[in-house]
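Dear colleague,

Please find below the sequence and structure that I am handing over to you. My notes on what was found follow directly after.

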Amino acid sequence: MKLEILIGLIVATCSWKKNRNLVSSFLAPLPITGPNYKNNEGKFFASKDEADATKKIQDCEDVKELSKFKVTPKEINDFSSQEIAHTVWAYAKFKKSSPKLFAAISFEAIKKLNTFKSQEIANTVWAYATLGHSSPKLFDALSYKAIEELDNFSPQDIANTVWAYAKADRLPPKLFDAISPVAMEKLGDFTSRDLDSIVEAYTKLGHSSPKLLDAIELEQKKRKE
């Protein structure tokens, strides 16, 4: 199975109907439009490949196969920053630890640091933190890249990033300082859960940011009124 298709399958959850748009975006180059193929149940798909992929996602067969999947060093060398982020996110999503793979990807991610975009940074640190895979050099490198990309971070990217650093118990002071004013500008766009994550992260790591924390407190009070 091609790597990009496998990644597309494993990032899907079992609740296919609720996540069809998300999954479809990961299934390229499989065609998603044009009902040209009819399966045994009488449902139409763009192709037999799409029908097969849909069934595999519904059955979660590829989630079970994930732990058996092997990536060669050459394939990792060819990974783009997006493929790196998608891969580690998929492993973390299904709580499948692969220390050797994550160690190899960490080394490759640092080499490709300048190509990482905001969401790729957030998803990568989130994945490593979720699986408890320690990679201090990667976290330090991504913290500096995150500062450069901070204007492009969505509220969720910000929340996931600070959560990940807190979970990994690794404080990047310059990044947290830079996040504070950016987060304050987007305060109304955060979910209440994301705001809680930010407060918990800053508090756990002992990073002082009174303006941000006070602003979050006021925002949370407004939402309760």
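Arginine 170 is in contact (heavy atoms within 4.5 Å) with Pro136, Phe139, Asp140, Tyr165 and Leu205, leaving aside neighbours within four places in sequence. Arginine 170 lies in the loop between α10 and α11; helices (H or I, at least four residues) and strands (E, at least two) are DSSP runs, numbered from the N terminus. The C-alpha atoms of arginine 170 and proline 136 are separated by 7.8 Å, although the two residues are 34 residues apart along the chain. With 30% relative accessibility, arginine 170 counts as partly exposed; buried means under 20% relative accessible area, exposed over 50%, and partly exposed in between (1.4 Å probe, protein chains only).

Please note that this is a predicted model, in which local features need pLDDT of at least 70 and side-chain atom pairs count only at pLDDT 80 or more, while totals for chains, interfaces and linings use all residues. Residues are numbered from 1 along each chain as its sequence is written, and side-chain values use heavy atoms, with hydrogens and water left out.

The loop between α10 (155-167) and α11 (173-185) also holds aspartate 169. Most residues other than glycine have a negative phi. Aspartate 169, however, has a positive phi of about 55° although it is not a glycine. Its relative accessible area is 57%, so aspartate 169 is exposed.

Glycine 188 belongs to the loop between α11 and α12 and is exposed, at 56% relative accessibility. Apart from neighbours within four places in sequence, glycine 188 is in contact with Glu219 and Arg223. Glycine 188 and arginine 223 are 35 residues apart in sequence, and their C-alpha atoms are 9.8 Å apart in space.

As to the protein as a whole, its secondary structure comprises 13 helices and two strands. It has 225 residues, of which 48% count as buried. Of the contacts between residues at least 6 apart in sequence, 69% join residues at least 24 apart.

The axes of α6 (residues 81-93) and α8 (residues 118-130) come within 8 Å and cross at roughly 35°; axes are lines fitted to C-alpha atoms, for helices over the stretch in contact, and angles run from 0 to 180 degrees between N-to-C directions. Among the residues that meet are Ala85, Val88 and Trp89 in α6 and Thr124, Trp126 and Ala127 in α8. Threonine 124, found in helix α8, is buried, with a relative accessible area of 0%. Not counting residues up to four places away in sequence, threonine 124 touches Ala85, Val88, Phe116, Leu138 and Leu142.

Finally, I turn to the interior. In soluble globular proteins, nonpolar side chains tend to be buried together. Here the largest nonpolar core has 46 residues, of which Ile105, Leu142, Tyr165, Ile179 and Ile198 touch the most other members; such a core is a set of buried Ala, Val, Leu, Ile, Met, Phe, Trp, Tyr and Cys residues joined through side-chain atoms within 4.5 Å. The helices that each supply at least two residues of this core include α6, α8 and α10, and α10 gives the largest share, six residues. Isoleucine 198 is in contact with Ile158, Ala159, Val162, Phe190, Leu212 and Ile216, once its neighbours within four places in sequence are left aside.

With kind regards
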